[in-house]
Amino acid sequence: MTTFEGLLDAINDDGGREVLNPATGQLVGKTPVHTEADLDRAVATARQAQRDWAARSHAERSEALNRAADAIEASAEALAGLLSREQGKPLNGPNARFEVGACSAWTRANAAFPLEPEVLVDDESGHAELTYEPIGVVGGIGPWNWPMMISIWQIAPALRMGNTIVLKPSEYTPLSVLGLVAVMNQVLPAGVLQVVAGEGELGRALTTHDGIDKITFTGSVETGKAIMRTVADDLKRITLELGGNDAGIVLEDFDVAAHAEDLFWGAFINTGQTCAALKRLYVPDSKYDEVCQALTDLAQKMPMGEGLDENNVLGPLQNQAQYDIVARLVDAARDSGATILTGGNPDASGAGYFYPTTLVSDIDNANPLVAEEQFGPALPIIRYSDLDQAIEWANGLDVGLGSSVWSDDLDAAKQVAARLQAGTTWINKHGAIDPRVPFGGMKESGFGLEFGVEGLKHMGLPKVTSW
């Protein structure tokens, strides 16, 4: 499967549903459309395989994960080509090749994390220690924006902890996940990693299946709430990474020239289609014009286009529904009297869901482009005169996934960071995730942790042994 053609041959279903390239409208391949009967078989296979997999040591399971990372790297270019065609993201920049590289890196990281028994008590009164047991079969439901990488966030810790996993990818990007699983299953034991592709009804069937012991989901707040209601009946374990509307606050001493590109990519990584991307930027009066100009200059020189063109670093929106959301919110900003610094004028005559990189200034904090998550290449820049007001605005929504503070005074930045309500606050960067560092949301952005040793623990059941 080291070529795109070989990979596609391995996963293409000639009788399945067509999947089109969001940049060109051309056929990428045909995905199988699995049924609840297919799901039943996958879960039964996973339950059968889980006993032997759980009986292996952490070292043995880690060795298998490292072999899977080797397989990903051997097929990296084929996987990146498939991802670019199906999701739309360019090969270069923080996009398709970057995502495939993250898949192997996260797999190796999860294989390497130490997880020793935690001694809780060891004195004359006795001894107690905490360990983590496998949960059983994990059901993973993933999104369309980073389909391969977020699948790995579910796969690698689940397998390391002795669980097996059944994945249901987004109906928009099933081929990417089917391809990733096919590559990994060249070396993993049979049955421990499976994927079923279908529409939303199949995802609901996964969450209600009595053979699934935990659900891990990345997606919208509304779907996350529906999953919580569903799993309450049998108290499945659950991890939710839900939507965000991340705020960034620029402070008075920020060196715009030194950090402008970091600021740009914090907002426009994956063409803005990232849960923990910078989606609303608060800038003080003294820096407002300089920040607006620097970001406008960058936006106008970053090439956007079809993903297989090696020159492009920004791509299309992945689907029509998301394109319509971005267009509606930018139009609302324009109609309110906000200034469109660049972009905001899509060419409807061309192929693909391309929306130009858009920066909006002179916008009120209550404007829909600020208050709603745009999830695309449009950034509102809100002026503030009082830092306390900016912090209040930043904390004023029901979500709290990520946030950022931009300042050359680290102590001042830390003080502001401590006041922001978000699972992660970055300083002079945004969305810079690391497999060693736990990640999760506050408020309606979900709960539970992924990444690092803490992420492994959330894929296990805590067990105390005392004597």
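Me: Before we get to the sheet, what makes two strands a pair here?
Reply: Two strands count as a pair if DSSP finds at least two bridges between them, and with that rule applied to this predicted model, six strands form an open sheet in the order 7-6-5-8-9-19, with mixed pairing.

Me: Which are the edge strands?
Reply: Strand 7 (193–195) and strand 19 (446–447) are the edges, each of them pairing on one side only.

Me: And how many bridges join strand 8 to strand 9?
Reply: Five bridges link strand 8 (residues 214–218) with strand 9 (residues 237–241), and these two strands run parallel; at Thr218, the residue standing opposite in strand 9 is Glu241.

Me: What lies across strand 6 and strand 7?
Reply: That is helix 7 (residues 174–184), which lies across strand 6 (164–168) and strand 7 and runs at about 155° to strand 7.

Me: Switching to helices, at what angle do helix 3 and helix 6 pack?
Reply: Helix 3 (residues 58–74) and helix 6 (residues 147–160) pack at an angle of about 150°, their axes being 9 Å apart. Because angles over 145 degrees count as roughly antiparallel, helix 3 is described as roughly antiparallel to helix 6.

Me: Which residues make that contact?
Reply: From helix 3 the contact takes His58, Arg61, Ser62, Leu65 and Ile72, while helix 6 brings Ile152, Ala156, Leu159 and Arg160; by class, the residues of this contact divide into five nonpolar, two polar and two charged.

Me: New topic: how many cavities of 30 Å³ or more are there?
Reply: The count comes to three cavities of 30 Å³ or more, and the largest cavity holds about 90 Å³ of space.

Me: What lines the largest one?
Reply: The largest cavity is lined by 15 residues, of which Arg280, Ala394, Gly402, Ser403 and Gln421 are the closest to its centre. Strand 10 (246–250), strand 15 (399–400) and strand 16 (402–406) each supply at least two residues of that lining, which divides by class into six nonpolar, six polar and three charged residues.

Me: And what volume does the second largest cavity have?
Reply: Its volume is about 70 Å³, and its lining includes Trp153, Gln154 and Pro157, together with Lys214, Thr216, Thr239 and Phe451.

Me: Which element gives the most to that lining?
Reply: Helix 6 gives the most to the lining of the second largest cavity, with three residues, and strand 8 also supplies at least two. By class, this lining has five nonpolar, five polar and two charged residues.

Key. Residues numbered from 1 in each chain as written. Predicted model: local features only at pLDDT ≥ 70, side-chain atom pairs only at ≥ 80, totals over all residues. Heavy atoms only, no water. Axes fitted to C-alpha atoms, helices over the stretch in contact; angles between N-to-C directions. Helix = DSSP H or I, 4+ residues; strand = E, 2+ residues; numbered from the N terminus. Parallel < 35°, antiparallel > 145°, perpendicular 65-115°, else oblique. Contact = heavy atoms within 4.5 Å. Nonpolar A, V, L, I, M, F, W, Y, C, P; charged D, E, K, R; others polar. 1 Å grid on protein atoms, 1.4 Å probe; cavity = no way out; pocket = protein on both sides within 12 Å on 5 of 7 lines; lining within 4 Å. Points joined across faces, edges and corners; volume = space filled by probe spheres on them.
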